[in-house]
Amino acid sequence: MMNSTDRSQSKNSIRKLDRIDRKILKLLQEDGRISNVKLAEMIHLSPTPCLERVKRLEKEGYIKNYVAILDPKMLDATLVSFIEVSLDRTTTRALDNFREEIMRMDEVQECHMVAGGFDYLIKVRTRDMEHYRRFLGEQLSSIKDISSTHTYVVMEEIKASSTIKVSDD
């Protein structure tokens, strides 16, 4: 796994991806467990240069990690909520404290600092409404400097994707 220094170096020296690199990234997003032999076959390269390209894409930071995408129904985590969070103040201390507290909360899948009428948008996944209410009342509300929250409970998930469009330049 890359450290932050490696990532910043690779970001400063981003090179243009060629057609084969883009195809590798697209295929790995579809199936991160694809064998190198099959990947090489699909991009019309022999296995050794294919593996070298994948290793280079990892080293340069284009590929951050490989993960399993789990089924929330099978794990009893079907209630998705988005919460707008506003802080009393946006001092460095308050922002750092919020970040540290959110990082410890397993129910939080995503947290984004945003520009606009509130400070953060977080995505939370819980078992049910009772679990959500406990999360809100016992965990989220315990964070200092939160002035208000507004919750939007998902009624139907239309699209959820972890893929990033890889341009065909």
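Mentor: Start with Ala77, in the loop between α4 and β1 (79-87). Helices (H or I, at least four residues) and strands (E, at least two) are DSSP runs, numbered from the N terminus. This is a predicted model: local features need pLDDT of at least 70, side-chain atom pairs count only at pLDDT 80 or more, while totals for chains, interfaces and linings use all residues. Residues are numbered from 1 along each chain as its sequence is written, and side-chain values use heavy atoms, without hydrogens and water.

Trainee: Why is Ala77 called buried?

Mentor: Buried means under 20% relative accessible area, exposed over 50%, partly exposed in between (1.4 Å probe, protein chains only). Ala77 has 17%, so Ala77 is buried.

Trainee: What is Ala77 in contact with, leaving aside its neighbours within four places in sequence?

Mentor: Contact means heavy atoms within 4.5 Å. On that basis the partners of Ala77 are Pro72, Arg125, Thr126 and Arg127.

Trainee: Why does Asn97 count as buried?

Mentor: Asn97 has 18% relative accessibility, so it counts as buried. Asn97 sits in helix α5 (residues 92-103). Leaving aside neighbours within four places in sequence, Asn97 touches Ile143 and Lys144.

Trainee: Which residues of α2 are buried, and what covers them?

Mentor: Ile20, Asp21, Arg22, Ile24, Leu25, Leu27 and Leu28 are buried. Their cover includes α3 (36-43) and α4 (47-59).

Trainee: What makes a pocket?

Mentor: On a 1 Å grid over the protein atoms alone, a pocket is an open set of points where a 1.4 Å probe fits, with protein on both sides within 12 Å along at least five of seven lines; lining residues have an atom within 4 Å of a point. A volume is the space filled by probe spheres set on the points, which are joined across faces, edges and corners. The largest pocket holds about 910 Å³. Its lining has 26 residues, with Gln29, Tyr62, Asn65, Ser162 and Ile164 closest to its centre.

Trainee: How much space lies in the second largest pocket, and what lines it?

Mentor: About 740 Å³. Its 15 lining residues include Ile69, Gln109, Glu110, Lys123 and Ser162, which lie nearest its centre. Both β2 (108-113) and β3 (120-126) give two or more residues to this lining.
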